[in-house]
Amino acid sequence: MYPRDRHRGISKPASPPTRAFWRRGRFPFLYPSMLVLLCLVFARPLRADTISGTVKDPSGAVVAGARIELTGGNLSQPLLLTSDESGKFVAANLSAGKYSLRVAKEGFDDLVTTVELHGTADLPLNLSITAQQTSVTVNEKSSAFANSDAVYRLLRNIGLGDTFRCENFTLAVDVGTFELKSGTLTLLGQVNKFQTGAVFVGQGHFTLKPVATLDTNEMIRRAGSPTAEEDFTEVVFRFTPDQFPQFAATFGTRAETPAEAATAFQHWKDKVRHRHEVPEGLTQALLESETIDNVDGDVLAAIYNPKHPPFFNAYMHGTPHKDLRFFLRTRVGAVPQIDSPEEVALVNCNGGGMDDGIWYLQHLKSELQAHTASSQEDKRLFATRRYNIETVIGKNDHLFSRATITYEPLVPGERVLKFGLLPTLRVTRVSGEKGQDLHFIQENKKEDGSFYAVLDEAPAMGQAHTITVEYGGDKVVTNAGGGSYYIGARVSWYPNLNGFGEKALYDLTFKVPPSNVLISVGKLEGQHTEAGFAVTHWVTPVPIAVAGFNYGQYKKIDFPDTITHYEISGYYLQDLPDSLRRFGGGMSGGTTSGSLSGQALSSMAPASMTKYALDQARAQMQLCTFYFGKGPYENVYITEQPNFSFGQSWPNLVYLPISAYIDSTQRWMLFGHIDSKFTGFVQEVTPHEVAHQWFGHSVGWASYHDQWLSEGFAEFAAALFLQQAVGPKWQKDYVEFWERQRTRILDKNSFGVSPNDAGPLWLGLRLISPRSGQAYQGVTYSKGAYVLSMLRSLMRAEYGTAGDPDQAFIDMMHDFMERHRDIPASTESFKAVAEKHMTKKMDLQQNGRLDWFFREWVWGTQVPRYNFKYDVQPAEGGKFKVRAEITQSEVDENFAMFVPIYADFGDGMVRLSQAAIAGNSTRTVNLILDRRPKKVALNIYKEILER
């Protein structure tokens with residue numbers, strides 16, 4: 001991951017609904033094409049005699065991968081079927097008669113039923129969970145601590161208090177201004193003598209005027225004007241008690257509380273306390289993730305700590321926007337779900353609407369004016385030092401865990417800790433250092449069900465403390481069939497205090513059914529059996545940002561690296577998952593089909609392809625070590641997963657998609673044609689994910705602005721692999737790689753919007769909008785890779801210079817890695833390293849800075865077009881003169897770039913020089929060469945981004 005929409009990445013990970021929204025895969029064509037392919041090959045008309053059904057568990061959730069055995073009627077042998085992802089199955093072309101169905105699924109009791117078939121029968125099949133050896137005991141005392149803190153109950157059930165008339169009052173909050181023109185302001189009831197909210201109904205207007213040019217441009221893209229202007233009839237304000245004095249001047253005469261105030265407050269609760277299981281847009285995917293705001297829990301922290309960092313939230317019902325939210329949060333970030341360092345935000349929550357999105361996200365105006373704003377501001381309330389987690393995976397794939405978290409407070413007086421935890425994982429007990437039960441908050445998973453722990457007292461500053469959480473549930477491990485499992489909630493399968501925002505030590509113990517193998521981050525310290533479970537113990541030798549595991553019926557291959565001495569192991573699956581079984585032909589786990597695609601994967605050789613993947617991984621680790629420095633982990637595990645077009649990288653644990661184990665012939669048989677885009681994905685995925693051990697894990701990112709330093713750099717490393725590690729005939733794949741990146745950046749979608757049109761690289765996840773759904777991937781991954789490629793090109797030594805022409809670039813990258821092993825990298829801190837190592841030629845402004853380059857490529861969206869022509873004439877002394885004419889266009893007058901010139905003398909292209917050019921202009925370059933070139937070309941390897 002990292003977390004990533006397309007094929008791989010570290011990224012934010014994100015809850016399953018979040019990933020479902022923005023991480024469908026870099027290759028969105030894959031899913032519909034696969035679906036069409038499956039329908040074309042296997043769809044057949046249903047005749048009158050058909051048995052169908054839906055398999056569900058006791059909770060009513062569908063059960064995928066259940067085995068249905070149908071006997072009787074005119075069947076000479078049992079008919080075997082498997083329930084699909086919707087729990088459904090269909091048996092068609094049957095004769096009338098009596099049939100028997102047996103439904104089996106590991107972890108459930110077998111279900112047997114009979115059917116007298118005359119026409120069609122659609123059966124509801126409800127399975128019962130098998131009694132497990134593993135159980136979680138929830139005693140009455142422990143369960144009494146859930147959602148029962150006395151002050152929290154007051155907040156949760158808070159009502160309306162006094163009402164005042166409000167006329168022509170202006171409330172300025174940073175860059176936002178609320179005009180309460182005419183209406184009433186109703187205070188919420190006091191809690192512990194504190195005021196924490198108010199409801200305005202009447203006529204009002206909101207204005208937000210950005211300070212910075214970049215924010216103004218983003219507001220124009222989002223709202224259609226340089227400022228946000230909104231008439232409203234309702235606003236619900238929620239705030240820390242210290243913000244209440246701002247409202248004192250609004251109080252006019254007392255008034256009766258209007259019914260509209262109660263209605264507005266109820267509408268607010270319906271919105272902020274509801275969680276969509278499948279998000280309709282970006283804002284739902286972000287704000288309703290596993291760290292959805294429980295506003296009452298947030299206010300509770302401020303009541304228990306009068307010095308809690310202030311926040312001010314306003315929820316507007318206006319015209320035309322029905323759910324416009326203004327946030328000012330001075331510590332945790334205005335939108336903490338995306339690792340936001342900024343304190344002020346305006347978010348339009350409009351589901352699947354075309355204007356849904358984050359309209360404004362910036363630091364406090366006072367910080368901007370004082371030039372003190374930074375992506376590296378520490379927004380944490382607590383720092384995590386260590387996780388000790390014991391986890392049991394039952395035979396029904398449910399997960400039960402006990403996590404002890406060692407933490408240190410960073411803000412005096414804080415008593416409420418908020419964790420990221422998948423809402424389907426239900427907390428059963430929270431205990432303190434002395435074993436005492438602690439209150440905790442976790443509302444229904446369909447509501448604002450994020451997890452908060454409430455301490456009895458504020459922990460002492462400067463000391464380490466512990467808290468223990470016991471929990472269990474499903475949706476973390478899902479049986480994919482064939483001994484493979486989908487692993488979900490990869491960031492939130494345990495109570496995660498700060499996400500990717502910090503590194504901690506992990507001590508992990510897993511107990512799993514003995515038929516399966518579990519591979520974890522860290523180093524395996526021991527294994528044994530206990531009460532019918534296979535037990536493994538893993539410890540991380542150095543702090544890491546996130547913990548995870550892979551799980552299934554794996555076989556292991558060790559792969560030596562005698563050069564760098566990393567310990568590399570591969571884990572592969574012998575059978576196909578259910579999603580691909582119909583393509584397996586005679587392969588183990590495959591079904592028989594006479595079609596070409598039905599035989600596509602019959603010749604898969606998992607062990608051989610694993611060795612191929614391990615060979616790629618080893619080569620990439622050697623290459624990354626040379627270019628970027630020593631990797632952070634001695635052990636690296638390369639594991640197969642059943643996901644077809646999605647790879648991810650966790651610390652010393654790489655998840656490769658099953659497609660990486662399918663060769664080119666098999667892909668041709670599977671798709672029915674050569675798919676060049678998917679071929680590119682398979683080429684890139686292993687080197688990209690391996691490179692994340694450096695970019696993303698060894699060096700993290702400071703905020704969403706800086707995630708390109710992970711994803712873009714890993715993408716660049718994949719290009720480096722294609723150039724340096726595949727042999728002498730690297731040119732074609734390398735050029736095609738950069739051409740794919742170029743088109744991902746510049747190709748326009750059906751709205752006429754390219755990813756580059758959506759905004760600059762620096763905006764990160766905020767590039768996503770209904771009109772630019774692929775902008776984050778196209779810019780963060782592809783343009784991020786181009787930025788590093790262009791710096792490499794600029795730093796490359798001139799033709800004929802002794803030594804490695806990449807030495808300046810290599811020195812820069814080693815320095816970057818060393819400086820950021822213990823602190824996350826920001827765009828600004830990378831820029832500082834680049835400026836330290838830049839060549840004299842790169843100092844265009846003669847100030848020792850690369851402002852010009854970062855302004856163009858990181859904070860800007862201009863992309864030049866080049867035209868090149870040349871002629872070769874004899875020169876004195878038997879030499880040859882090349883007169884080249886370079887034209888740069890479609891940029892402003894201040895845009896400057898260096899473009900490389902190459903020549904082919906008969907044995908491949910050689911870089912001669914790089915020409916500087918500024919603005920929309922034409923420049924002539926004269927070169928004297930010893931030999932006549934067969935060809936002269938500009939930017940032949942596509943390493944400079946151009947139209």
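Trainee: Leaving aside neighbours within four places in sequence, what is Ala-613 in contact with?

Mentor: In this predicted model, Ala-613 is in contact with Leu-656 and Thr-686. Ala-613 itself lies in helix α10.

Trainee: How far apart are Ala-613 and Ala-660 in sequence and in space?

Mentor: They are 47 residues apart in sequence, and their C-alpha atoms are 7.6 Å apart in space.

Trainee: Why does Ala-613 count as buried?

Mentor: Buried means under 20% relative accessible area. Ala-613 has 2% relative accessibility, so Ala-613 counts as buried.

Trainee: Let's stay with α10. Why is α10 called roughly perpendicular to α13?

Mentor: Roughly perpendicular takes in angles from 65 to 115 degrees. Helices α10 and α13 (residues 708-724) pack at an angle of about 105°, with 10 Å between their axes. That value falls in the range, so α10 is roughly perpendicular to α13.

Trainee: Which residues of α10 and α13 meet?

Mentor: From α10 there are Gln-616, Ala-619, Gln-620, Leu-623, Tyr-627 and Phe-628. From α13 they meet Phe-716, Ala-717, Ala-718, Leu-720, Phe-721 and Gln-724.

Trainee: How many residues of the contact of α10 with α13 are nonpolar, polar and charged?

Mentor: Nine are nonpolar, three are polar and none is charged.

Trainee: On to the charged pairs. What makes Arg-618 and Asp-615 a salt bridge?

Mentor: The rule asks for a side-chain nitrogen of Lys or Arg within 4 Å of a carboxyl oxygen of Asp or Glu. Arg-618 and Asp-615 meet at 3.1 Å, N to O, so the pair passes. The two residues are three apart in helix α10 (residues 606-628), which separates them by about one helical turn.

Trainee: Why is Glu-470 called buried?

Mentor: Glu-470 has a relative accessible area of 18%, which is under 20%, so Glu-470 is buried.

Trainee: What are the closest N and O atoms of Asp-806 and Arg-792 apart?

Mentor: They are 2.7 Å apart, and the pair forms a salt bridge. Asp-806 sits in the loop between α15 and α16 (807-819), and Arg-792 in helix α15, so that this pair, 14 residues apart, links distant parts of the chain. Asp-806 and Arg-792 are both buried.

Trainee: Which residues do salt bridges that share partners join into one network?

Mentor: The network holds Arg-156, Arg-238, Arg-273, Asp-296, Glu-443, Glu-447 and Asp-448. By the distance rule, the count of salt bridges comes to 47.

Trainee: Now the sheets. What is the order of the seven strands that form an open sheet?

Mentor: The order is β19-β22-β17-β16-β25-β28-β27, with mixed pairing. Strands β19 and β27 (523-530) stand at the edges with a single partner strand each, so one side of each has no neighbour in the sheet.

Trainee: How do you know that β16 and β25 pair?

Mentor: Pairing needs at least two bridges. Seven bridges join β16 (residues 382-393) to β25 (residues 505-512), so these parallel strands qualify. Ile-389 has Leu-508 in β25 as its bridge partner. Strands β16 and β17 (residues 399-409) pair in the antiparallel sense over 11 bridges. In their hairpin, which has five residues between the strands, Asp-397 takes a positive phi near 70°.

Trainee: What is the order of the open sheet of three strands?

Mentor: That order is β38-β37-β40, with antiparallel pairing. The edge strands are β38 (909-918) and β40 (935-938), each pairing on one side only. Strand β37 (residues 896-904) and β38 pair over nine bridges, and Met-897 stands opposite Ile-917 in β38. Helix α15 (residues 775-795) packs on this sheet, touching β37 and β38, and its direction makes about 70° with that of β37.

Methods: Residues are numbered from 1 along each chain as its sequence is written. This is a predicted model: local features need pLDDT of at least 70, side-chain atom pairs count only at pLDDT 80 or more; totals for chains, interfaces and linings use all residues. Side-chain values use heavy atoms; hydrogens and water are left out. Helices (H or I, at least four residues) and strands (E, at least two) are DSSP runs, numbered from the N terminus. Contact means heavy atoms within 4.5 Å. Axes are lines fitted to C-alpha atoms, for helices over the stretch in contact, and angles run from 0 to 180 degrees between N-to-C directions. Buried means under 20% relative accessible area, exposed over 50%, partly exposed in between (1.4 Å probe, protein chains only). Angles under 35 degrees count as roughly parallel, over 145 as roughly antiparallel, 65 to 115 as roughly perpendicular and the rest as oblique. Ala, Val, Leu, Ile, Met, Phe, Trp, Tyr, Cys and Pro count as nonpolar, Asp, Glu, Lys and Arg as charged, and the others, Gly among them, as polar.
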